[in-house]
Amino acid sequence: ASEQAVAAARKALAMGGGRRPDNTQVVLGMALYNLGRYDEARKAIEEARRLLPDDEVIHEHLGDVLLALGKVAAARDAYQKSLELKPDNQLLRDKLQRLGQSE
């Protein structure tokens, strides 16, 4: 990700274009995450979660951001919610298992 990705996502949000703002929020959030701008990423992904509360990918990305911010319990909660929405996600099971071992 780069500053160009962040700028493109922000422009898409501003224009509204034919794109769903929730998906653009996720793209923006993950671009910010990849740049290490975790607080901004958290805000964007939390907005996406507000718009699409039952999207397991959004919860997983939120968990990744929260973990990067050192919020282990909140990250675990986000991963758990994602796993409830998609129980066959082995990657999430692995992430939760690693979190359980880190305490």
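Me: What makes the link between the side chains of lysine 95 and aspartate 64 a polar contact?
Reply: The two side chains are joined at 2.8 Å. A polar contact is a pair of N or O atoms within 3.5 Å; within protein, one must be able to donate a hydrogen and the other to accept it, and residues adjacent in sequence count only if both atoms are side-chain atoms. The 2.8 Å of lysine 95 and aspartate 64 therefore meets the distance cut-off. This is a predicted model, in which local features need pLDDT of at least 70 and side-chain atom pairs count only at pLDDT 80 or more, while totals for chains, interfaces and linings use all residues. Residues are numbered from 1 along each chain as its sequence is written, and side-chain values use heavy atoms, with hydrogens and water left out.

Me: Why does lysine 95 count as buried?
Reply: Lysine 95, in helix H6, has 12% relative accessibility. Buried means under 20% relative accessible area, exposed over 50%, and partly exposed in between (1.4 Å probe, protein chains only). At 12%, lysine 95 is therefore buried. Leaving aside neighbours within four places in sequence, lysine 95 is in contact (heavy atoms within 4.5 Å) with Glu60, Asp64 and Tyr79.

Me: Why is glutamine 4 called exposed?
Reply: Glutamine 4 lies in helix H1, and its relative accessible area is 59%, so glutamine 4 falls in the exposed class.

Me: What makes tyrosine 33 and tyrosine 38 a tilted aromatic pair?
Reply: The search of the whole structure finds 1 aromatic pair, and tyrosine 33 and tyrosine 38 form an aromatic pair with 5.6 Å centre to centre and 55° between the planes. Rings of Phe, Tyr and Trp (its six-membered ring) pair if their centres lie within 6.5 Å; planes under 30 degrees apart count as stacked, over 60 as edge-to-face and the rest as tilted. The pair is therefore tilted. Tyrosine 33, at 23% relative accessible area, is partly exposed, and so is tyrosine 38, at 28%.

Me: How do you know that the span of H3 agrees with its number of residues?
Reply: The expected span of a helix is 1.5 Å times one less than its number of residues. For the 14 residues of H3 this gives 20 Å, and the end C-alpha atoms are 20 Å apart, so the two agree. Helices (H or I, at least four residues) and strands (E, at least two) are DSSP runs, numbered from the N terminus.

Me: What makes a set of residues a nonpolar core?
Reply: A nonpolar core is a set of buried Ala, Val, Leu, Ile, Met, Phe, Trp, Tyr and Cys residues joined through side-chain atoms within 4.5 Å. The largest one here has 22 residues, and Leu28, Ile45 and Tyr79 have the most contacts inside it. H2 gives the largest share, 5 residues.
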